[in-house]
Amino acid sequence: MVSGTVKICAAESLIALFIAPTIEAFGQHYPGVGFEIDTGSAPHIAEMLLRGEVDVALAFYTPVSAEIQVTNSCQLAHKVLMAGHHPLAGKPRLTLKEIAAHPIAIPPANYAVRQLLESAARREGLHFDMRFITSSMEVQKTLALQGQTLLILPQLNINDAVAPDLLVAVPLADPLMGNVKVDLCLPRQRTLSMATRLFHELLAQRIEGQSTPGQ
């Protein structure tokens, strides 16, 4: 009988894509295991792992550390999410110039997607209307559903629909913003519980099952 608690820290946008489905599948086999879930930017996630406050981490571009072991990685495509009635919803692909003509919701400067977008803006000589700055995914999606803003988020490579949230996901045609690396991490020198090892194994399978865009 496997029991105990698995402590997880992950980027909020990865909860629905990876963490929640893995917890659901895991619970079918090990219903006695509980979970503590925290979210944040990559530096926050790495800090939580280094301090021993979490057992498993899932982040974008994990900071390099001798005490963090990246066990599995995959590439996800950045896509532009919007309400179905947004003027750009019918486009097959979107350029940064097209996005710059509309308000966007974006997380604070310590998040990878914000850093990538600002770098792309400098490269292309564009100015983005970052009208809504918030780390809350719920706030971002609510504003998008109202048609007030665009979101730029990594999505699974197997489809372009975000049906549970009634949002449309359009691929982003940009070499810098196109893909983002997702890292599954464990503490390098710490004895893990049986529950943590089993959950990590199942989550690793889901990560490895996500093909690289374009393959």
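This is a guided tour of one predicted protein model, stop by stop, for you to follow in your viewer.

Before you start, residues are numbered from 1 along each chain as its sequence is written. Because the model is predicted, local features need pLDDT of at least 70 and side-chain atom pairs count only at pLDDT 80 or more, while totals for chains, interfaces and linings use all residues; side-chain values use heavy atoms, with hydrogens and water left out.

**Stop 1: the whole protein**

Show everything as a cartoon. Along the principal axes, the C-alpha atoms fill a box of roughly 55 × 35 × 35 Å.

Of the 215 residues, 47% are buried. Here buried means under 20% relative accessible area, exposed over 50%, and partly exposed in between (1.4 Å probe, protein chains only).

Among contacts between residues at least 6 apart in sequence, 80% join residues at least 24 apart. A contact means heavy atoms within 4.5 Å.

**Stop 2: the largest core**

Select Leu14, Phe18, Leu58, Leu76 and Val182 and show their side chains. These have the most contacts inside the largest nonpolar core, which has 28 residues. A nonpolar core is a set of buried Ala, Val, Leu, Ile, Met, Phe, Trp, Tyr and Cys residues joined through side-chain atoms within 4.5 Å. In soluble globular proteins, nonpolar side chains tend to be buried together.

Next, colour the elements that each supply at least two residues of this core: β1 (4–10), α1 (15–29), β3 (56–60), β4 (68–83), β10 (179–187) and α6 (194–208). The largest share, six residues, comes from α6.

Zoom in on Leu58. Not counting residues up to four places away in sequence, Leu58 touches several partners, including Leu14, Phe18, Val182 and Ile207. Apart from this core lies another, of 21 residues, among them Leu88, Ala89, Ala100 and Val170.

**Stop 3: two loops**

Select Ser13, in the loop between β1 and α1. Is Ser13 buried or exposed? With a relative accessible area of 13%, Ser13 is buried. Leaving aside neighbours within four places in sequence, Ser13 is in contact with Phe60, Met137, Leu153 and Pro154.

Then move to Tyr61, in the loop between β3 and β4. Tyr61 has a positive phi of about 50°, although it is not a glycine. Its relative accessible area of 37% makes Tyr61 partly exposed.

**Stop 4**

Select Val33 in strand β2 (residues 33–39). Val33 counts as buried, at 10% relative accessibility. Beyond four places in sequence, its contacts are with Val2, Ser3, Gly4, Val6, Phe26 and Ala195. Try the distance tool from Val33 to Pro108: these two are 75 residues apart in sequence and 34 Å apart in space, C-alpha to C-alpha.

Select Ala77 in strand β4. Ala77 is buried, with a relative accessible area of 14%.

Finish this stop at Val168 in strand β9 (residues 167–171). How many Å lie between Val168 and Val80, C-alpha to C-alpha? They are 8.0 Å apart in space, although 88 residues separate them in sequence. Val168 touches Val80, Leu81, Met82, Gly84 and Ala89, not counting residues up to four places away in sequence. Val168 is partly exposed, with a relative accessible area of 27%.

**Stop 5: helix α4**

Last, select Arg123 in helix α4 (residues 112–124). Arg123 counts as partly exposed, at 40% relative accessibility. Leaving aside neighbours within four places in sequence, Arg123 is in contact with Leu96, Asp174 and Leu176. Between Arg123 and Val70 there are 30 Å, C-alpha to C-alpha, and they are 53 residues apart in sequence.

How values were computed
Helix = DSSP H or I, 4+ residues; strand = E, 2+ residues; numbered from the N terminus.
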